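Reader: Hi! Could you walk me through what sits inside this protein?
Author: Happy to, let's look at it together.

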Amino acid sequence: YAILSHRWGNEVSYKEMTQLHTMNPRKRDDITGRDGYKKIIKSCGQAKKDGYRWLWIDTCCIDKQSSAELSEAINSMYQWYRNSGMCYVYLNDVDEPAFPTKEDFSRFGKSGGWPEWFSRGWTLQELIAPRNAQFFNKDWVPIGTKEKLAFKLEVITRIPQRVLFWGEVLTDKYSVERPCIAQIMSWAADRKTTRVEDRAYSLLGLFGVNMPMLYGEGLKAFQRLQLEIIRVSSDHSILAW
């Protein structure tokens, strides 16, 4: 299967997608006119073109009204991206038919001079986990692969290329190549999430830990994450955070 990584906008939910063919025409036209729906169609077309039978998209493949399903999805997300055959990275704010080569604060001023995708919390694991990733601009023109862009991705994110190519090194506590916890935390330090709890939840897979989702707990989510990491790791660099 293929999987999509993207910056959320005006999306289509699981409920809307499953009821699309039974709702009244006006409501259906409203949904199919959204950028989020067009993104689904385009990514499905790319997956079919590449020979994949299935495509997973977080916006419409998780029933977020089910707390159990949402919790399972968040705790499994890293492995789902890791096990995918290909990850499509959609950069909705890149117009050119090429990957940006230098910081441009006039275009990406709110996201550190690079496309907004690189400033979001959830996309950190979505960059590291997949073995294969293809980047696309706003018109779905391919602008590079994770492999070919590795040096530039390291410059943008500060993530070593060995981690980009070998995501398992993060959860292999016996590997000498494993970055310390403080370094992994530093990659996420400047990233943003819509919900404050997601600052913690989006890091579960990177540290190989699991915990239940408690939206509404606020900053306590990060404290619980720290406790889970301490429970399974003897890396004292976590105390820097």
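**Aromatic rings and cores**

Author: Phe136 and Trp140 are both buried (under 20% relative accessible area with a 1.4 Å probe and protein chains only; over 50% is exposed, and in between is partly exposed). A quick note on the basis: this is a predicted model, where local features need pLDDT of at least 70 and side-chain atom pairs count only at pLDDT 80 or more, while totals for chains, interfaces and linings use all residues. Residues are numbered from 1 along each chain as its sequence is written, and side-chain values use heavy atoms, with hydrogens and water left out.

Reader: Thanks! How many aromatic pairs are there?
Author: The count comes to ten aromatic pairs, taking rings of Phe, Tyr and Trp (its six-membered ring) with centres within 6.5 Å; planes under 30 degrees apart are stacked, over 60 edge-to-face, and the rest tilted. In one of them, Tyr90 and Trp140 are stacked, because their ring centres are 4.7 Å apart and their planes are at 10°.

Reader: Where do Tyr90 and Trp140 lie?
Author: Tyr90 is in strand 3 (residues 86-90), and Trp140 is in the loop between strand 4 (133-136) and strand 5 (142-145), so the pair ties together parts 50 residues apart in sequence. Strands here are DSSP runs of E with at least two residues, helices are runs of H or I with at least four, and both are numbered from the N terminus.

Reader: Is Tyr90 buried or exposed?
Author: Tyr90 is buried, at a relative accessible area of 12%, and Trp140 is buried at 11%.

Reader: And how are the rings of Phe136 and Trp140 arranged?
Author: That pair is tilted, since the centres of Phe136 and Trp140 are 5.2 Å apart with planes at 45°. Tyr88, Tyr90, Phe136 and Trp140 form one aromatic cluster.

Reader: New topic: which residues touch the most other members in the largest nonpolar core?
Author: Phe99, Ile128, Phe135, Leu170 and Leu225 do, out of 51 residues in that core. A nonpolar core is a set of buried Ala, Val, Leu, Ile, Met, Phe, Trp, Tyr and Cys residues joined through side-chain atoms within 4.5 Å. Its largest share, six residues, comes from helix 5 (residues 67-83). Apart from it lies another core of 17 residues, among them Val12, Ile31, Cys60 and Phe136.

Reader: What does Leu170 touch?
Author: Leaving out residues up to four places away in sequence, the contacts of Leu170 (heavy atoms within 4.5 Å) include Tyr78, Ile128, Trp187 and Leu206.
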